Amino acid sequence: KEKPIAVLHVGPHKTGTTSIQETSHEYIDTLVKDNYIAIDYDDSILNLRQKRHSPAKNIAFCSCPKYQGGRSKYCSISYYNETKELFSDPSAPVFRHMNLLLSHESFDKDCVDVAEVRSIFAQWDVRVIVGYRRFFEWAVSLYGEDHRVELLPGWEDRAELFKEGRGQDWPADRDTPYESLKRWLTLGRMEKHYFEGMYTTAVLKRYADVFGEESISVINMHDGMDVVENFVCHQVPNADETCDAFTRAKSHEGNAHVAASNAYDHITIEAFNAGFISGSDLTRPEARELIKQYQEETLGLTADDFIKDCLEEKELERLLELSIQAEKEIMPDFFALEKEGENDLREKFEAAKTTKLCAVDTEKLFEDEGWNGFLNSLEKKNGQGQKGNTKKAKGGDNDVYTGDNNVDGNIEVKTSKGNNKKENKNNKKGNAENNTNNADNDDKKASSSDDKEEIINTHDNEGEKHSTVTMAETIPTINKEEERKYWLSIEFVSSLVIIVLVIVGSRTRIHRRKKDDTSNEKEDLLPRQLQYF
């Protein structure tokens, strides 16, 4: 007897999965006409369906051993067992002799036990669909996803993720430091994702080893066809009604998710680490919004107009090499095309080298007088918490950077010799990258600098939160309260001295007067005594 079909779309992330899932939901009734049940959106099939536990997502997480046993809120073992039992019998009345459609990008995780997934659908004719996106574009998009700090339109159901702290806290309040694209896209991370992780090459291998290559099909995101149209018209077998309805409505035009720029958050974090905002009571979102307003409203520019800090040549060469290798292996016929294939890949990569594969060069940005002055002025709108140090955009030898009062009244004074500011920044970069494979050469140069630097911990008045201040020399500082007490003590001592001097002067005059009187008496007596001789 012919088995019913189970279409299993396994991602990976950043290959149009969200658009495919939204369309499956939107066309759920049309899919029924094509004899498909979009299992993730049909509550009549699994009445135990919970907010966080759609069947596909729950299977993906629960088939990962590390997420079982209550270690992930996205894995409900009881619901997982219920799903496995239900899927073990395709002839059950609830399925009405229909095919299944499941889609979730979390099937791309390297911890997924693909053999376990296969056992769940043992009674179905499984068709695995995998998305393909050029490796260098996919890597940039994945970085944007991992570092996204703002909700996109239609992401209201993900608001909880951002309320829990994503993009809300300063680095000192979290275990994971912020990483720019240049720091994040290391050779080690490239190799890991390409051969073992979440990229299409690794995902394809894991599923082909279990389901067989004949059960796998690939969506090419670069062939000029809309991803969703490719999915419903060419990947899902016999979905003619859905394909026609989708094509006529052209609803896919509104499904694209344009990635928001991470540039402003990158600047916010680097400014905090450099000491511009660390003395302020601004929150990270507040500071990020003020920086965005300054760039777009005050300067009339966009996030694309910043000076760029791009990948080093070694990383670029390996990224291009892996991108070419992937397309040649996965899409050999497409790769061989004169315009769409290798030539197009190389052209787009060349353009990305100075745009997408770059981060904001915050070092140069902070040297700009306008930006430097703006960052030094950041404070909460209610006038509270103005930060305590002021930096000059550019400084020569022995330039002194003085500051206004902190919240607790402390005054921070900075001095710099030569390029210590730049070298210290690179030192901090090097320290943040001890566990990566591509420490920058500039960091190594900075670590061997002849200038000795001193790290001084200062405390704010809200507890034992530390910020570090780098100095070439340390100048003793006092605050206003101490200065006032000092002058009061001087006045007190001066008053005492004056009083003592008055007393001593008075006694001296009295003593002299008595002495003069005694002398006069002796002079009066002398002639009288001489009369007797």
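Predicted model: local features only at pLDDT ≥ 70, side-chain atom pairs only at ≥ 80, totals over all residues.
Contact, in what follows, means heavy atoms within 4.5 Å. L142 touches H13, K14, W184, H193 and M198, leaving aside residues up to four places away in sequence. L142 is found in helix α6, residues 135-146; helices here are DSSP runs of H or I with at least four residues, strands are runs of E with at least two, and both are numbered from the N terminus. At 3% relative accessibility, L142 counts as buried. Buried means under 20% relative accessible area, exposed means over 50%, and partly exposed lies in between, with a 1.4 Å probe and protein chains only. L142 and T15 are 127 residues apart in sequence, and their C-alpha atoms are 9.9 Å apart in space.

Residues are numbered from 1 along each chain as its sequence is written, and side-chain values use heavy atoms, with hydrogens and water left out.

Now the chain as a whole. The protein chain has 22 helices and 11 strands. Of its 533 residues, 46% are buried. Among contacts with a separation of 6 or more, 69% are between residues 24 or more positions apart. The chain exposes about 29000 Å², and carbon and sulfur atoms supply 49% of that area; accessible areas come from the Shrake-Rupley method with a 1.4 Å probe, and for residues only the protein chains shown count as cover.

V7 is placed in strand β1, and its relative accessibility is 0%, so V7 counts as buried. Which residues does V7 touch, not counting those up to four places away in sequence? They are Y36, L100, L101, L102, R127, I129, V236 and P237. V7 and P237 are 230 residues apart along the chain, yet their C-alpha atoms are separated by 8.6 Å.

I turn to helix packing. Two packed helices are described by the angle between their axes and the distance between the axes. The axes are lines fitted to C-alpha atoms, for helices over the stretch in contact, and angles run from 0 to 180 degrees between N-to-C directions.

Helix α1 (residues 17-26) and helix α11 (residues 227-235) pack at about 55°, with axes 9 Å apart. That makes α1 oblique to α11; angles under 35 degrees count as roughly parallel, over 145 as roughly antiparallel, 65 to 115 as roughly perpendicular, and the rest as oblique. The crossing of α1 and α11 is right-handed. A crossing is left-handed if the near helix is turned anticlockwise from the far one by less than a right angle, and right-handed if clockwise. S19, I20, T23 and S24 in α1 meet V227, V228 and F231 in α11. By class, this contact has 4 nonpolar, 3 polar and no charged residues; Ala, Val, Leu, Ile, Met, Phe, Trp, Tyr, Cys and Pro count as nonpolar, Asp, Glu, Lys and Arg as charged, and the others, Gly among them, as polar.

Helix α11 also packs with α12: their axes come within 8 Å and cross at roughly 155°. The two helices are therefore roughly antiparallel to each other, and the crossing of α11 and α12 is left-handed. V228, E229, V232 and C233 in α11 meet T242, C243, F246 and T247 in α12. That contact has 5 nonpolar, 2 polar and 1 charged residues.

What is the angle between helix α3 (residues 55-62) and α4? It is about 110°, with the axes 10 Å apart; α3 and α4 are therefore roughly perpendicular to each other. P55, N58, I59 and C62 in α3 meet I77, Y79, Y80, T83 and F87 in α4. By class, the contact of α3 with α4 has 7 nonpolar, 2 polar and no charged residues.

Finally, the backbone. Most residues other than glycine have a negative phi, and most peptide bonds are trans. The peptide bond from G11 to P12 is cis, with omega near 5°, and P12 is in the loop between β1 (5-9) and α1. H97, in the loop between α4 (77-87) and β3 (99-103), has a positive phi near 60°. N238 has a positive phi of about 60° although it is not a glycine, and lies in the loop between α11 and α12 (240-249). H97 is exposed, with a relative accessible area of 63%, and N238 counts as exposed at 60%. Thank you.
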